[in-house]
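Subject: Handover of a protein model

Dear colleague,

Please find below the structure that I am handing over to you. A description of the findings follows directly after it.

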Amino acid sequence: MPAGLRTHARLFALALALVNVTGCTAPAKEFVDKIRTESAEKCSEGNQAACHTIVQELGKTKVAIESTAPIETQTPACNAGKQDACQQMAVLHGELSTWCSMGNTQACAAVNTGPWPANWDEPALIDAAKMSCLAGQFKPDSSTCQALEMME
């Protein structure tokens, strides 16, 4: 997994831990707003990782942070026939589509602009990604496996 994706996976785990620990004193909404504001500021300062950060409130005490950075690298790999890249892209697209339906404008922008792989069967690829997570082909703490857990 590239360093940037590992960083986002760690941020995601940290966000979940922080919100779960401080759920009574700092609602997830406040945390999401804070992270979105900080990401926007860092992005405007030229921090590309921050520009690719999408934050979503999943409940009163649960927050998810996802990176759209893989879209630029995994889409060409998927179009070239690399199945693990296609699986990861399908899960990311499914996750962001769900967040878009919840009113997350950043997720909607990512879903609508892509670039996403051409001619793919997203439901079948998501099922294949689930099997890859269970078989250990994707590490349990990968953003793909974590996203699948939350999508269920």
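What percentage of the 152 residues of the protein count as buried? The share is 43%. Please bear in mind that this is a predicted model, and that every value in this message was computed from it.

**Overall architecture**

The protein contains eight helices and two strands.

**The packing of α7 and α8**

Helix α7 spans residues 122-135 and helix α8 spans residues 143-151. Their axes lie 10 Å apart, and the packing angle is about 115°. The two helices are therefore roughly perpendicular to each other, since angles from 65 to 115 degrees fall into that class. The crossing of α7 with α8 is left-handed.

Which residues make this contact? On α7 they are I126, A129, K130 and C133; on α8 they are T144, C145, L148 and M151. By residue class, the contact of α7 with α8 comprises six nonpolar residues, one polar residue and one charged residue.

**Q87 in helix α5**

Helix α5 covers residues 83-101 and includes Q87. Is Q87 buried or exposed? Its relative accessibility is 9%, so Q87 counts as buried, the limit for that class being under 20%. Leaving aside residues up to four places away in sequence, Q87 is in contact with L125, A128, A129, S132 and F138. One of these, A129, also belongs to the α7 side of the contact with α8.

How far apart in space are A69 and H52? The C-alpha to C-alpha distance between A69 and H52 is 5.6 Å, while 17 residues separate them in sequence.

A colleague

Note on methods:
Residues numbered from 1 in each chain as written. Predicted model: local features only at pLDDT ≥ 70, side-chain atom pairs only at ≥ 80, totals over all residues. Heavy atoms only, no water. Helix = DSSP H or I, 4+ residues; strand = E, 2+ residues; numbered from the N terminus. Buried < 20%, exposed > 50% of the residue type's maximum accessible area, 1.4 Å probe, protein only. Axes fitted to C-alpha atoms, helices over the stretch in contact; angles between N-to-C directions. Parallel < 35°, antiparallel > 145°, perpendicular 65-115°, else oblique. Left-handed = near helix turned anticlockwise from the far one by under 90°. Contact = heavy atoms within 4.5 Å. Nonpolar A, V, L, I, M, F, W, Y, C, P; charged D, E, K, R; others polar.
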